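Reader: I have a model open and want to go through its fold. Can we start with one of the helices?

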Amino acid sequence: MSTEPASPPASLPPDTHTHTRLCRHATGEPADYARAALEAGLDTIACTDHIPFPDDPQPTIRMALEDFPLYLEMVHAAAAEVPGCRVLLGLEADHRPDLVALRHLDRLLAQDDFDIVLGSVHSGPFWDLNPDDPAATPAFVEDMWRTYFRRLTDLADSRLYDAVAHIDLPKRRGLRPPPSAIRDMVLPALDAVAEAGMAVEINTSGLLHGAQEMYCSPDILRWMAERGIPVLFGSDAHRPRDIARAFPEAVAAARAAGHTHRAEFRGRKLQLMPL
Ligand SMILES: [Zn+2]
Ligand SMILES: [Zn+2]
């Protein structure tokens, strides 16, 4: 007797947040991610390696500027090597106001036809402070969240990026201010994101972190739906086998928060697709 399901499983949305070995803290090449995506039932991924910096403060965990042409080559090669999986060209760009003035991102993006640019705020005392660190007082935690969301508002106002990556990253190690304080600092940032016409990703890597939940929280997902900010989906995979991790749960969370559509980017243009 056949054990085949009566109907094929519903297809999963594209995974638009992945990293390659070039960033020196991930494994695998774009083609490996594309093959893993096909196995997971996806037909589209985006490669979004961390942006290289000219004056890199952390050169051992980031792509070197001279590797950038190789990155572009590898992404295009994957699209040709793995038929059946569309491989979008993307970048995860840390928002550094000092480099905005130098048009660093513009210069990189001018080298190819990019599909999607994720904007993120990694630097600052945001996600690496341990809950048992004596510095992690309630006042400090609230202050670090506030600083983060101020920088996120600046990121949105810059109009340089298509979507926000892991929007509530300060919870990475499990440190959170009270819900009312979170609301007060997140809503203005979301208003700026909506004003900029950006999307926000559901990043499932939070499930592996001290945060113990996806980025963004159910509250933030709901506030996004109220503002018409569309979702997209990213595993933030640093190894091919993590592609599309917890995507069925992420789709369910988006629907539960009131999202009926998801964002899709091609050539940096946003399209809404039914979810
Ligand atoms: Zn990374
Ligand atoms: Zn990432």
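Reader: What do the buried residues of α6 pack against?
Author: The buried residues of α6 pack against α5, β4 (163–164), β5 and α7. This is a predicted model: local features need pLDDT of at least 70, side-chain atom pairs count only at pLDDT 80 or more, and totals for chains, interfaces and linings use all residues. Residues are numbered from 1 along each chain as its sequence is written, with chains lettered from A and ligands numbered from 1 in the order in which they are written.

Reader: Which residues of α6 are buried?
Author: Ile182, Val186, Ala189, Leu190 and Val193. A residue is buried if 20 or more other C-beta atoms lie within 10 Å of its own, exposed if 12 or fewer, and partly exposed in between, with C-beta atoms placed from the backbone. Helices (H or I, at least four residues) and strands (E, at least two) are DSSP runs, numbered from the N terminus.

Reader: Where is the kink in α6?
Author: At Val186, shortly before the proline Pro188, and the kink is about 25°. The bend at a residue is the angle between axes fitted to the seven residues ending there and the seven starting there.

Reader: And what span should its 17 residues have?
Author: At 1.5 Å a residue, α6 (residues 179–195) should span 24 Å, and its end C-alpha atoms are 24 Å apart, which agrees. The expected span is 1.5 Å times one less than the number of residues. Just after α6, Gly197 takes a positive phi of about 70°.

Reader: Switching to the core. Which residues have the most contacts inside the largest one?
Author: Ala34, Ala37, Ile45, Ala163, Val200 and Val231, in a nonpolar core of 75 residues. Helix α5 (residues 138–158) gives the largest share of this core, eight residues. Such a core is a set of buried Ala, Val, Leu, Ile, Met, Phe, Trp, Tyr and Cys residues joined through C-beta atoms within 7 Å.

Reader: What does Val231 touch?
Author: Not counting residues up to four places away in sequence, Val231 touches Ala199, Val200, Glu201, Ile202, Met224, Ala254, His259, Arg262 and Ala263. Contact means that the C-beta atoms, placed from the backbone, lie within 7 Å.

Reader: Ala34 and Ala37 are in α1, then. What covers the buried residues there?
Author: The cover includes β1 (44–50), α2 (68–81) and β2 (86–94). Among the buried residues of α1 (residues 30–40) are Tyr33, Ala34 and Ala37. Gly41 follows α1 and has a positive phi, near 90°.

Reader: Leu89 next: buried or exposed?
Author: Buried, because Leu89 has 22 C-beta neighbours inside 10 Å. Leu89 is in strand β2, and beyond four places in sequence its contacts are Cys47, Val75, Asp112, Asp113, Phe114 and Asp115.

Reader: Last one, the whole chain. What is its radius of gyration?
Author: The protein chain has eight helices and eight strands. Its radius of gyration is 18 Å, close to the 19 Å that the globule rule gives for 275 residues, so the chain is as compact as a globular protein of that length. The radius is taken over C-alpha atoms, and the rule is 2.2 Å times the number of residues to the power 0.38.

Technical notes: Contact = placed C-beta atoms within 7 Å.
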